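Q: Hi! Could you walk me through this model? I'd like to start with the charged pairs and then go wherever that leads.

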Amino acid sequence: MQMTAPQLAYQRKDAAAALGLSVDSFDRHVRPTLKCVYVGDTRLWPVKELERWLAERAMIPGTS
């Protein structure tokens with residue numbers, strides 16, 4: 001039986017998909033506000049950062 005490790009960080013395209021956004025929307029609205037991890041030329045966005053971004057922007061419908 002093979003165990004799979006939980007995903008702790010995503011590359012750009014997958015981070016956008018995890019939020020349900022296009023890469024363009026991720027780049028424009030989300031990426032500038034997130035911390036990322038550099039591994040050589042690769043950038044990774046931690047799942048916790050994506051969760052933080054969502055939690056900080058969550059609101060009850062009808063309240064703004």
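Q: So, which residue does Asp27 form a salt bridge with?
A: Arg12 is the partner of Asp27, and their closest N and O atoms are 2.7 Å apart. Do keep in mind that this is a predicted model.

Q: Is Arg12 buried, exposed or partly exposed?
A: Arg12 is partly exposed, and its relative accessible area is 36%.

Q: How many salt bridges does the structure hold?
A: Five. Some of them belong to a network that links Glu49, Arg52, Glu56 and Arg57.

Q: Nice, let's take that network apart. Which residues does Glu56 form salt bridges with?
A: One is Arg52, where the closest N and O atoms are 2.8 Å apart. Another is Arg57, where the closest N and O atoms are 3.6 Å apart.

Q: Where do Glu56 and Arg52 lie?
A: Both are in helix H3. They are four residues apart, which is about one turn of the helix.

Q: And what about exposure for the residues in this network?
A: Glu56 is exposed, at 52% relative accessible area. Arg52 is partly exposed at 27%, and Arg57 is partly exposed at 38%. Glu49 counts as buried, with 10% relative accessibility.

Q: A buried Glu, then! Where is the place of Glu49, and what joins its side chain to Arg52?
A: Glu49 is in helix H3. A polar contact of 2.8 Å joins the side chains of Glu49 and Arg52.

Q: What else does Glu49 touch, not counting residues up to four places away in sequence?
A: Thr33, Leu34 and Lys35.

Q: What do nonpolar side chains tend to do in general?
A: In soluble globular proteins, they tend to be buried together.

Q: Changing topic: what is the order of the strands in the sheet?
A: The order is S1-S3-S2, in an open sheet of three strands with antiparallel pairing. Strand S1 (9–10) and strand S2 (37–39) are the edge strands, each pairing on one side only.

Q: How many bridges pair S2 with S3?
A: Three, in the antiparallel sense, with strand S3 covering residues 42–46.

Q: Last one: which strands does H3 lie across, and at about what angle to S3?
A: H3 lies across S1 and S3, running at about 50° to S3. That is the same helix H3 that holds Glu56 and Arg52, as well as Glu49.

Methods. Residues are numbered from 1 along each chain as its sequence is written. This is a predicted model: local features need pLDDT of at least 70, side-chain atom pairs count only at pLDDT 80 or more; totals for chains, interfaces and linings use all residues. Side-chain values use heavy atoms; hydrogens and water are left out. A salt bridge is a side-chain nitrogen of Lys or Arg within 4 Å of a carboxyl oxygen of Asp or Glu. Buried means under 20% relative accessible area, exposed over 50%, partly exposed in between (1.4 Å probe, protein chains only). Helices (H or I, at least four residues) and strands (E, at least two) are DSSP runs, numbered from the N terminus. Two strands pair if DSSP finds at least two bridges between them. Contact means heavy atoms within 4.5 Å. Axes are lines fitted to C-alpha atoms, for helices over the stretch in contact, and angles run from 0 to 180 degrees between N-to-C directions. A polar contact is a pair of N or O atoms within 3.5 Å; within protein, one must be able to donate a hydrogen and the other to accept it, and residues adjacent in sequence count only if both atoms are side-chain atoms.
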